[in-house]
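This report looks at a salt bridge, a pair of packed helices and some annotated spans. The structure comes first.

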Amino acid sequence: MEHLEIRDIQKSFGSNRVLDGVNFSTEKGEFVSLLGPSGSGKSTLFRMIGGISSPSSGDVLLEGNSIKNHPGSVSYTPQTPSLMPWRSILDNVLLGQEISGKKDEEMAAQMLERAGLSGFEQAYPHELSGGMKQRVSFIRSILSPQPLILLDEPFSALDEFTRTDMQKWLLSMWSEHQRSILFVTHNIEEAIFLSDRVIVLSQRPAKVIKEFEIPFERPRKEEILLSEEFLYMKKDIYQEMRSSHASANY
Amino acid sequence: MRKWIELGWRPLLVITLLFIVWEVCISFFDVPDWLLPAPSQIFGLMISDWTNYSHHVFSTVELVLIGFVIGSSVGVIVAISLHLVPFLKQSMYPLLILSQNIPVIVLAPLLVIWFGFGILPKIIVITLVCFFPIAIALLDGFRRTDRDLMHYMKMAGATKKQIFWKLEWPHALPSLFSGLKISATYSVMGAVISEWLGASEGIGVYMTLASSSFRTDRVFVAIFIIVALSLLFFLLIMWLEKMTIRWQASEEGDSHGTSRNS
């Protein structure tokens, strides 16, 4: 059974059509990336999966139930770390649990330790680097009880080296916890490196142009970034995006 | 503590210099006491006359404390209700500003006519001058709540109550304290004005008695005490702020001396 199913979602703001019948689904435990040019309506789609904006038509299903207009059905990692400056790191990662009801401090402390953040439990966010804050933000998502995690371009503000480290770290966390992840990005390489499947969105009004199965076996090493298959894959996806881009412009 | 001394010596030096210039001018131009007494004379009187006016000081401090607590509570309640009920904000905001346009000097005698000479009209005067800076600062704090955090809270399915207590309230705390700092100094002024209306004791009474009997030196004693009290309340709030808000990276050179010229 599909875990998350996006069923023919359309959304217009006045006469401005943003989403034009988006259809896709993800399996339980799968890592899926949503790849699209910036301004393609990815954030709008996320707001609908998050339940804080309702589609003009179509439905969002999670484990068979409609989560349209049901905020809090999925766990969310925003683009900026969005940590509360007045909370310690430990209290910050507990926030998602606090909102949904049940706190597990021991588990949280364990997770922080495994993420290489031990000793920072009582620190405040302003004492941490950008990469560390993003890790805290992701741990907050994993600790939240929802079965699906949405990641909204979480590494876009990081430098190249930190980003690669964070990608590897994310994969290790994911394989350890086996949660379903829907990852939004506009970086092709990042999408291929991380995902089981890449879903390519067109420009506005957005719809799914093509899906790519990523065959590389896990655990993935950094070396595959330079392998021939990887580059072919990247070229394929790039051309697909390019042609849609061109057809939208001419 | 060392940091305080480091930051405090400059304004202290300026004040000391000011007093020296004042003292020198008085003796050089031979200014009579009833026109302008010398600082040494004022400080001397402050010490020697202490037993005569101490009960006035305590009475004012008590009034300020009660008035400030009530005034700031009103400010906080007004801000929260205006923030949570948009309709109230639209309809009441202009009224809030209007409340500050009526001169307290004009309003005060009216309050005496309505409520007599008891503590109630005095509390009303202090509340009127106190609540406004707090309400405005706090409303501003609520309004500037971080958008990304708000987005996160909504996506996480937080209720309106959770959003308020977990996000908006702590986020607005620094703003609340800026309001409290302003109100703390205002409340002393408000108390003195309210005592002019008719009270049996208080710095305001002491001041009225002194000026009507041309005891300029005592008027200055009253002024110095008012300044000292305002400063004290200001520092108290600053200390409370430091105790409450521990998460901000310490800012260089806080505004220690803003109330010195009051």
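## Salt bridge and helix packing

R197(A) and E30(A) join their side chains in a salt bridge, 2.8 Å from N to O (a side-chain nitrogen of Lys or Arg within 4 Å of a carboxyl oxygen of Asp or Glu). The pair links distant parts of the chain, 167 residues apart: R197(A) is in strand 9 (residues 197–201) of chain A, and E30(A) is in the loop between strand 2 (16–26) and strand 3 (31–35) of chain A. Over all chains the count is 19 salt bridges.

This is a predicted model, in which local features need pLDDT of at least 70 and side-chain atom pairs pLDDT 80 or more, while totals for chains, interfaces and linings use all residues. Residues are numbered from 1 along each chain as its sequence is written, chains are lettered from A in the order written, and side-chain values use heavy atoms, without hydrogens and water.

In chain B, the axes (lines fitted to C-alpha atoms over the stretch in contact) of helix 8 (residues 160–196) and helix 10 (residues 216–244) come within 9 Å and cross at roughly 160°. Helix 8 of chain B is therefore roughly antiparallel to helix 10 of chain B (an angle over 145 degrees). Their contact (heavy atoms within 4.5 Å) includes F177(B) and L180(B) from helix 8 and F233(B) and F234(B) from helix 10.

UniProt, in an unreviewed entry, places the feature "transmembrane region" at several spans of chain B, including residues 12–29 and 95–117; such annotations may be inferred rather than shown by experiment.

| Span | End C-alpha atoms apart | Helix (DSSP runs of H or I, at least four residues) |
|---|---|---|
| Residues 12–29 of chain B | 26 Å | 100% helix |
| Residues 95–117 of chain B | 27 Å | 83% helix |

Definitions and conventions. Helices (H or I, at least four residues) and strands (E, at least two) are DSSP runs, numbered from the N terminus. Axes are lines fitted to C-alpha atoms, for helices over the stretch in contact, and angles run from 0 to 180 degrees between N-to-C directions. Angles under 35 degrees count as roughly parallel, over 145 as roughly antiparallel, 65 to 115 as roughly perpendicular and the rest as oblique.
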